Amino acid sequence: MTRNLRYLIPIALLLVILPYALPPYQTILFSYGLIFAIAALGFNLLLGYTGLLSFGHSAYFGVGAYAPAFLVKYFGAGSMELFLLAGIFFTAVVSAVFGFICVRYTRIFFAILALALSQVLWSLALKLFWLTNGTDGLRVPTPTLLGGLASDVLGSAETKLDFLSHRYYYYVLAVFFLCVAVMWVIVNSPFGKALQAIRDNETRAEFVGVQVRRYRWIAFLVSGVFTGLAGSLWVVLNGLVTPDILYWTFSGEIVFLTVLGGFRTFAGPILGAVVFNFLKAYAVGFTVYWQFLLGAVLVVIVLSMPTGILGTANTIWLRLRRAA
Amino acid sequence: MRLLETQRLKKYFGDTHAVDEVDFSVTQGEVLALIGANGAGKTTLVNVVSGLLPPDGGKIHFQGIDVTHQSIHQRIEAGIARSFQLVNLFDQLTCLDNIALPIFSREKKTRRLMALADKDRAVREEAMEVLQQFGLAPKAAMVAGGLAQGERKLLDVAVAYALRPRLLFLDEPTSGVSTREKAPIMDIITSIVRSGKITAVVIEHDMDVVFTYSDRIVVMHEGKILADGSPDEIRRNEQVTTTLLGTTVAP
Ligand SMILES: Nc1ncnc2c1ncn2[C@@H]1O[C@H](COP(=O)(O)OP(=O)(O)OP(=O)(O)O)[C@@H](O)[C@H]1O
Ligand SMILES: [Mg+2]
């Protein structure tokens with residue numbers, strides 16, 4: 001940990017001065033990256049630490065995104081903290097139920113079941129037009145942060161772009177730091193060790209007294225809530241939520257960016273999220289065949305770096321140190 | 001006092017009567033050797049008693065309580081622990097964490113999400129102590145997957161031991177290690193078991209090991225108990241010597 005602080009402090013400082021160093025558009029892109037990183041942290045509690053590959057995490061991100069939209073639609077609420085609480089509450093409920101079903105299975109059956117359940121939510125979001133507005137989606141206007149405490153440093157002339165690239169960026173950053181800290185503690189807690197034991201050897205874990213299914217369920221719940229929280233942050237940045245966010249391809253993106261960064265390390269998914277987000281943004285601008293281009297780039301990266309960007313960086317670093 | 005008792009315990013795999021109406025008992029404080037040829041049903045008996053497999057019939061009593069239909073978790077809480085014939089470890093965790101986990105579990109701390117495992121001094125120290133006892137202290141920080149076979153066998157036993165069970169099943173603790181390593185490994189294990197006053201059932205093929213380290217021997221053959229007695233009685237039992245020992249024991 002103290003060793004890690006040497007990297008953490010400069011990185012944290014960079015993140016703090018970022019809005020002053022980059023144009024607003026880039027800062028907002030970075031916000032997206034941080035938000036996906038929170039989702040990936042949650043996702044990787046299951047993949048990297050519990051050994052469960054969920055192909056349905058769009059469900060929790062989506063529920064987290066729809067929850068604030070419903071608050072706006074039905075109650076006219078405009079408080080960011082309420083948005084987050086609603087996101088946490090609803091994703092906790094949904095992931096508790098879905099998790100209860102999924103953890104009865106492992107491996108590919110788990111993955112497929114998680115996928116199928118997320119597709120159910122997607123089709124509901126499409127069909128229940130009175131609730132979700134179907135493909136038109138629901139709008140989420142700019143909320144107040146911290147009950148207005150942190151409002152309008154820039155005066156009333158603040159544009160939406162200013163808001164998103166400054167105040168909201170810092171809000172996202174603060175939540176991101178908090179999520180990283182909490183997840184760091186979780187994976188290094190006795191509970192986290194129990195999850196890793198389950199990943200390594202389910203039978204033996206049971207025989208040291210770990211109730212495997214129950215622990216998987218709790219991991220699922222925590223994972224879903226992190227991803228849902230990310231969804232709630234995302235919907236404000238995006239301003240709109242449509243059923244697309246529940247579609248399985250988005251689950252695929254979460255899997256991909258986690259593997260890209262390296263699911264065997266704590267920070268891998270964070271790096272993967274930020275990198276993936278930039279790759280995607282530039283690929284979209286570069287060519288209409290962006291999905292093909294991105295897919296090709298990712299295949300090359302994953303094949304050449306099976307342990308992800310961070311895993312590979314680690315190996316190279318160790319090799320350099322040994323050579324020196 | 002009878003610590004464990006099975007009545008007409010049964011486990012069939014199709015036509016294979018792996019455990020066939022077995023009455024098996026373990027007395028408090030003894031080190032019992034469970035022997036028998038390959039496929040005699042020794043591992044299956046342990047699998048059923050420890051809760052890994054459900055029985056097809058019969059009853060299991062532990063400390064006078066019927067545990068036949070209890071979950072693995074309940075049996076562990078009652079004090080039954082086991083090691084595995086084929087090493088079963090948490091390969092990506094360090095040796096220290098492999099031992100710390102059963103200790104956390106025993107102390108009901110594995111539900112703690114918001115506390116750092118490494119900051120729990122008491123657990124760390126106890127885990128270090130267990131590693132020390134098993135001669136694995138120098139490997140504490142190494143991942144279990146990186147150990148040599150003999151060390152892996154020892155760690156496998158240590159993981160079960162760290163639960164501080166009342167009854168410990170050790171399924172071939174020296175299988176897969178060289179003959180030279182067997183005695184030292186058994187020395188370590190038996191001295192720990194005896195000094196910890198743990199009742200142990202040791203499955204073992206090597207007859208030298210069996211006669212040296214056990215108080216009582218139970219012989220299984222094709223799912224049934226063929227003989228049960230002190231090492232001397234078993235050595236003199238002709239039925240046993242002809243079916244089993246003929247080839248393995250030195251005259
Ligand atoms: N899961 C299983 N499915 C089917 N048959 C099994 C299973 N487990 C064990 N058997 C069979 O039951 C019989 C007893 O096996 P078991 O593993 O209990 O023997 P063992 O005495 O432990 O032998 P060894 O000394 O080789 O370990 C064998 O014939 C084996 O093939
Ligand atoms: Mg066996």
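**Chain A: its pockets and its partner**

Modeller: In chain A, H2, helix H10 (212-238), strand S2 (240-241), helix H11 (248-261) and H12 each give at least two residues to the lining of the second largest pocket. Helices (H or I, at least four residues) and strands (E, at least two) are DSSP runs counted from the N terminus. This is a predicted model, where local features need pLDDT of at least 70 and side-chain atom pairs pLDDT 80 or more, while totals for chains, interfaces and linings use all residues. Residues count from 1 along each chain as written, chains are lettered from A and ligands numbered from 1 in written order, and side-chain values use heavy atoms, without hydrogens or water.

A pocket is an open set of points on a 1 Å grid where a 1.4 Å probe fits, with protein on both sides within 12 Å along at least five of seven lines; lining residues have an atom within 4 Å of a point. Closest to its centre, among its 22 lining residues, are A:Tyr32, A:Phe36, A:Trp234, A:Asn238 and A:Lys280. By class, its lining has 15 nonpolar, 4 polar and 3 charged residues; Ala, Val, Leu, Ile, Met, Phe, Trp, Tyr, Cys and Pro are nonpolar, Asp, Glu, Lys and Arg charged, the others polar.

Now for the largest pocket, with a volume of about 1700 Å³. Its lining holds 35 residues, and A:Asn4, A:Leu8, A:Phe266, A:Ala267 and A:Leu310 lie nearest the centre. Helices H1 (2-21), H2 (24-50), H7 (160-187), H12 (268-286) and H14 (308-323) of chain A each give two or more residues to this lining, and H1(A) gives the most, 9. Here the classes come to 26 nonpolar, 6 polar and 3 charged.

Next comes the partner chain. The contact (heavy atoms within 4.5 Å) takes 27 residues from chain A and 33 from chain B. Together the two chains bury about 2800 Å², 64% of it on carbon and sulfur atoms; buried area is what both lose in accessible area (1.4 Å probe) on being put together. On chain A's side, A:Pro190, A:Arg204 and A:Phe207 lose the most, together 30% of what that side buries.

The interface has 2 salt bridges, each a Lys or Arg side-chain nitrogen within 4 Å of an Asp or Glu carboxyl oxygen. One joins A:Lys193 to B:Asp97, with the closest N and O atoms 2.8 Å apart. H7, helix H8 (190-200), helix H9 (202-207) and H10 each supply at least two residues of chain A's touching side, and H8(A) has the largest share, 8 residues.

How values were computed:
Points joined across faces, edges and corners; volume = space filled by probe spheres on them.
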